[in-house]
There are 2 protein chains.
Amino acid sequence: MGFSEAEVIAVLQEVFATPDPRIIVGIGDDAAVVTGSSQQVISTDMAVEGVHFKREWSSAFDIGRRITAANIADVLAMGARCDYLVAAVSLTGSEELSWIENLARGMKAEADKANAVIVGGDIARAPSITIAMTAIGSTSHPILRSGAQIGDGIFLSSLPGWSAAGLHLLTHELATTSEMSKKAISEFRAPTLDYEIDFSSATSLSDISDSLIVQVTQMAAASGSSFALDTELISRAPEFSELNSLAQEVNIDVWNWILGGGEDHVFLATGANLPGLRIGKIIEGSGISGLEMKKAPVSWSHFT
Amino acid sequence: MGFSEAEVIAVLQEVFATPDPRIIVGIGDDAAVVTGSSQQVISTDMAVEGVHFKREWSSAFDIGRRITAANIADVLAMGARCDYLVAAVSLTGSEELSWIENLARGMKAEADKANAVIVGGDIARAPSITIAMTAIGSTSHPILRSGAQIGDGIFLSSLPGWSAAGLHLLTHELATTSEMSKKAISEFRAPTLDYEIDFSSATSLSDISDSLIVQVTQMAAASGSSFALDTELISRAPEFSELNSLAQEVNIDVWNWILGGGEDHVFLATGANLPGLRIGKIIEGSGISGLEMKKAPVSWSHFT
């Protein structure tokens, strides 16, 4: 590297410096000390260059935002708030110091949106860039995947598929200057988490990290009921026609993106009178109901 | 991989299954939910294949123990107990399922020693194996690096250098069947943390992860005083003559290992009447005093 580990740490300490009163001992000792809570929520998530992101496709800032958003989403998906984050990052040595700084700034920008603080980290040398983060939150009332009740509605915080669309445009070199194309690529580079939606009265809750199909299947199994999806309801979502136009332009079945895309980290909830998009209801049985087979997509997978 | 992600997760869920009453929601939902505490300690640490470990040199079990010990040590070094751990692991796809299971068993074995629970994780595909762990602990009285007072004694939980010795023997193919050689290599593969030593009344505390020299320099700077080391006292440590014999056998200055080796994660404390090895005292000034220049080693670094 053209700079020392001490220089990197100095930059990171500056980026992550905070007067937040929850922090008792910040970055610089063996570990951080923070104000705790009686029920803590803990999740960890890893992103690998070439698998989850590419430096040619995304800025360091967006890569930082993306992995941070993915971690925060797991905590929010428990009905919790995210309080603290730590990041462990391996670097190849070919990065500019400014790239590392922007990665950190992206992490901080997303953490700020959640009112979470990055309290520590580790850097290591490796043949490729790997970013592992851990998010720590709190809740007095965790909402599990298993709580769906017969008769509950099924709700999404927004229409999924934009990130999958962006990935498709990038892998097939189909990006244009249209607003829809720009939105899809932006959502792939770093998803816009819905921090405002109130799913606190949901009976079950998860974020969609693999795909809507995978997530619904898991929640149906966890709750011992069937998730009856209504594609007619989904197609009435405000963004459906935009996403559908984009899909038609590039000759893709839009349901492939909606049902098979996941890395938007849209929240999936069950319950009565929830906000967001109502897309179906819980019925007796198991698995997924209501999907015409032609709409069952090949499950979306990482791009290598 | 010759097995699916679901198979790996099933194995890990079995290895990490626990009836621990502190766990409210265990592995399998978006995040774990655990019983918290008013002051939490958080630290993260990453180990990279080829940099921090090699599969030719260490079993999966030892690799798991080593990274877990390194994480736990950072929490203990705050005067805290370690409660929870999460692990994010990237795999190349060439590993056997049994290798992954043994990695997890090594993590659990070390966590068990600390009475800590592994509550979550993530696995990803990557060109090389990277393991990032986060340790979460609790304390009502954190002990910082900055608290050393003039007149305090300087103490070690045990003699450092065994891990550096083991690394030397492995890199130079000098391993023998002697007890000393076996001990050095064993400590390199996974250090024996001292979970019993009571440094709770220390004025400052850290674990030695880089080297004694580096750690003492950092603590001297943090406390605004000088750490006067007494090599005569260090050479009276019970294990000194063993380590010195091993060093002489392979034609190395033993001080290189003791002062320049770090990954034993020996604890370094200051205070009065502490247990362990007394190796010097805090005096007015700055930096390190008392070392003859011939004993100042080249700082130990990772093996690539």
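Helices (H or I, at least four residues) and strands (E, at least two) are DSSP runs, numbered from the N terminus. This is a predicted model in which local features need pLDDT of at least 70 and side-chain atom pairs count only at pLDDT 80 or more, while totals for chains, interfaces and linings use all residues. Residues are numbered from 1 along each chain as its sequence is written, chains are lettered from A and ligands numbered from 1 in the order in which they are written, and side-chain values use heavy atoms, with hydrogens and water left out.

**Stop 1: B:Trp57.** Select B:Trp57, in the loop between β3 and α2 (60–76) of chain B. B:Trp57 has 17% relative accessibility and counts as buried (under 20% relative accessible area; exposed is over 50%, partly exposed in between; 1.4 Å probe, protein chains only).

**Stop 2: the interface.** Show both chains. In contact (heavy atoms within 4.5 Å) are 52 residues of chain B and 52 residues of chain A. The two chains bury about 3,900 Å² between them, 61% of it on carbon and sulfur atoms; buried area is the accessible area (1.4 Å probe) that two parts lose on being put together, summed over both. On the chain B side, select B:Asp30, B:Gln40 and B:Ile42, which lose the most area to chain A, together 19% of what that side buries.

Between the chains there are 18 residue pairs in polar contact (both at pLDDT 80 or more). A polar contact is a pair of N or O atoms within 3.5 Å; within protein, one must be able to donate a hydrogen and the other to accept it, and residues adjacent in sequence count only if both atoms are side-chain atoms. Colour β3(B) next: it gives the largest share of the side of chain B that touches chain A, nine residues.

**Stop 3: A:Arg145.** Zoom to A:Arg145, in the loop between β6 (130–138) and β7 (153–156) of chain A. This residue is buried, with a relative accessible area of 13%. Its side chain makes polar contacts with the side chains of A:Gln218, at 2.7 Å, and of B:Asp30, at 3.1 Å. A:Arg145 also forms a salt bridge with B:Asp29, the closest N and O atoms being 3.6 Å apart. A salt bridge is a side-chain nitrogen of Lys or Arg within 4 Å of a carboxyl oxygen of Asp or Glu.

Four salt bridges cross the interface of chain B and chain A. Another pair to select is A:Asp30 and B:Arg145, whose side chains meet in a salt bridge (3.1 Å, N to O). A:Asp30 is in the loop between β1 (23–25) and β2 (32–35) of chain A and B:Arg145 in the loop between β6 and β7 (153–156) of chain B, so the pair joins two chains.

**Stop 4: salt bridges within a chain.** Over all chains there are 32 salt bridges. In chain B, select B:Arg66 and B:Glu263, which meet at 3.0 Å, N to O. B:Arg66 lies in helix α2 and B:Glu263 in the loop between α9 (254–260) and β10 (267–271), so the pair ties together parts that are 197 residues apart in sequence. Both B:Arg66 and B:Glu263 are buried. In chain A, select A:Asp20, A:Arg22, A:Arg81 and A:Asp83, linked in a network of salt bridges.

**Stop 5: the cysteines.** The structure holds zero disulfides over all chains (a disulfide is a pair of cysteine sulfur atoms within 2.5 Å).
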